[in-house]
Amino acid sequence: MTGRERVERASAFAAVDRVPFVPAVYEHKARLIGRSPSEVCRSLDLLLEALARERELYGPDALTVGLDVYNVEAEAAGCAVRYFDGGTDVPAVAAPLLAGPGDLAKLGRPDPGRDGRLPLMVEAAARLVREAGEAVAVRGAVSGPFSLACALAGTEQVLVATLEDPPFVRRLLERAAMIAADFGAAFLAKGAEPVLFDSKASPGAASPRVFREFVLPVYRDLLVPALREAGARTVPLIVGGDTTPILEDLLDTGAGQLLCDAGSDLARFAARCRETRRALRVSVDARLVHRGTPDAVRREATRLLGAAGSGPGILFGCGVVAYDCEPANVLALREARDAFGRA
């Protein structure tokens with residue numbers, strides 16, 4: 001069974017030969033080819049080289065086209081992004097684009113075929129699909145509406161506005177969702193499934209109230225339907241941190257795959273995802289993968305796989321792999337998955 005088949009079958013609740021291995025490798029891609037994140041995220045050739053090295057070294061069942069995943073759409077919309085050509089820091093939005101509700105009218109709708117680095121990411125996905133799409137699942141990283149809204153207007157301003165100016169937040173989220181839908185559709189047109197990243201919407205960063213009142217409706221009513229209409233089958237939604245308090249809301253978004261990040265209630269996630277037939281990605285704590293030993297990583301990976309079970313709908317990975325993480329620790333994750341599958 002190929003990696004692509006494994007991911008697609010697990011996501012569709014069909015039987016697989018082993019749990020799909022989908023580690024969260026983004027800025028770490030750059031380390032694999034001895035380059036900085038700022039170099040790789042702006043070069044089509046380097047990004048493709050890094051993706052090829054990731055596939056060769058780690059043997060994942062899915063590859064995600066993305067590195068500084070929360071910057072690309074914001075930059076295309078007009079935000080300045082700070083790059084670190086001389087270091088290993090991940091690029092970051094330098095300042096919000098919108099100073100307040102009055103600036104919303106100047107927020108454009110970036111064209112994935114023309115603006116910023118959107119075309120670079122789409123072309124990288126297209127080439128990866130052509131070269132490896134039969135063997136591995138190819139996904140395109142897309143910023144979720146709340147995280148994009150925070151990049152565009154500033155996190156503090158958005159959170160305050162959820163209390164003081166809810167209509168502004170709803171309008172901003174709708175605009176952000178349209179940007180995400182356009183980018184996701186561009187990936188789909190090239191044969192890559194979009195995966196949505198929205199960790200600013202985590203209860204630890206916002207609150208369950210904010211998710212329920214503002215984030216959930218824009219996913220349920222706008223973004224997920226738009227992506228499904230464009231051809232998306234799974235619509236993975238990645239919200240990091242302990243998301244147990246918003247589990248039911250995450251299910252209500254309509255996303256077809258959820259993340260159970262470190263600290264979340266795995267038993268509850270696994271039970272509810274089985275009941276609702278949603279794929280679930282089980283995740284080893286990124287801090288352990290970064291700082292632990294390979295033996296410790298293998299033990300924790302084996303424990304989590306056993307707790308989640310190997311039935312339909314389960315995928316396995318980890319939190320975001322740090323740039324300077326030792327490859328041996330990522331390989332330990334795959335080794336644990338392989339041993340679990342044989343058992």
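1. Let me start with helix H7 (145-153): nine of its nine residues are buried, so H7 is largely enclosed by the rest of the structure. Buried here means under 20% relative accessible area, exposed means over 50%, and partly exposed lies in between (1.4 Å probe, protein chains only). The buried residues of H7 are Pro145, Phe146, Ser147, Leu148, Ala149, Cys150, Ala151, Leu152 and Ala153.

2. A word on the ground rules. This is a predicted model, in which local features need pLDDT of at least 70 and side-chain atom pairs count only at pLDDT 80 or more, while totals for chains, interfaces and linings use all residues. Residues are numbered from 1 along each chain as its sequence is written, and side-chain values use heavy atoms, with hydrogens and water left out.

3. Now the overall picture. The protein has 15 helices and nine strands, where helices (H or I, at least four residues) and strands (E, at least two) are DSSP runs numbered from the N terminus. Its radius of gyration is 19 Å, close to the 20 Å that the globule rule gives for 343 residues, so the protein is as compact as a globular protein of that length. That radius is taken over C-alpha atoms, and the rule is 2.2 Å times the number of residues to the power 0.38. Along the principal axes, the C-alpha atoms fill a box of roughly 60 × 45 × 35 Å.

4. Among contacts (heavy atoms within 4.5 Å) between residues at least 6 apart in sequence, 71% join residues at least 24 apart. The protein exposes about 13100 Å², of which carbon and sulfur atoms supply 49%; accessible areas come from the Shrake-Rupley method with a 1.4 Å probe, and for residues only the protein chains shown count as cover.

5. The largest pocket has a volume of about 660 Å³. Of the 30 residues that line this pocket, Val69, Tyr70, Phe197, Ser199 and Val320 are the closest to its centre. For the terms: on a 1 Å grid over the protein atoms alone, a cavity is a set of points where a 1.4 Å probe fits but cannot get out, a pocket is an open set with protein on both sides within 12 Å along at least five of seven lines, and lining residues have an atom within 4 Å of a point. Grid points are joined across faces, edges and corners, and a volume is the space filled by probe spheres set on the points.

6. H7 returns at this pocket: H7 gives the largest share of the lining, three residues, and strand E3 (92-93) also supplies at least two. By class, the lining has 18 nonpolar, six polar and six charged residues. Ala, Val, Leu, Ile, Met, Phe, Trp, Tyr, Cys and Pro count as nonpolar, Asp, Glu, Lys and Arg as charged, and the others, Gly among them, as polar.

7. The second largest pocket holds about 390 Å³ of space. Its lining has 22 residues, with Glu8, Ser11, Glu193, Arg233 and Thr234 closest to the centre. Helix H1 (3-11) gives the most, four residues, and strand E4 (137-143) supplies at least two. The classes here are eight nonpolar, six polar and eight charged.

8. There are two cavities of 30 Å³ or more. The largest cavity, about 120 Å³ in volume, is lined by 17 residues, and Pro23, Tyr26, Thr64, Arg139 and Arg281 lie nearest its centre. Strand E1 (62-65) gives the most to this lining, with three residues, and strand E5 (193-197) supplies at least two. The lining counts 11 nonpolar, two polar and four charged residues.

9. The second largest cavity has about 50 Å³ of space. Val65, Gly66, Leu67, Asp68, Val69, Val72, Glu73, Met121, Ala141 and Phe183 line this cavity, which makes seven nonpolar, one polar and two charged residues.

10. Finally, two backbone spots to check by eye. Most residues other than glycine have a negative phi. Val235, in the loop between helix H10 (208-229) and strand E6 (237-238), has a positive phi near 55° and is buried, at 1% relative accessible area. Arg277, in the loop between helix H12 (266-276) and strand E8 (279-284), also has a positive phi near 55°, but Arg277 counts as exposed, at 54% relative accessibility.
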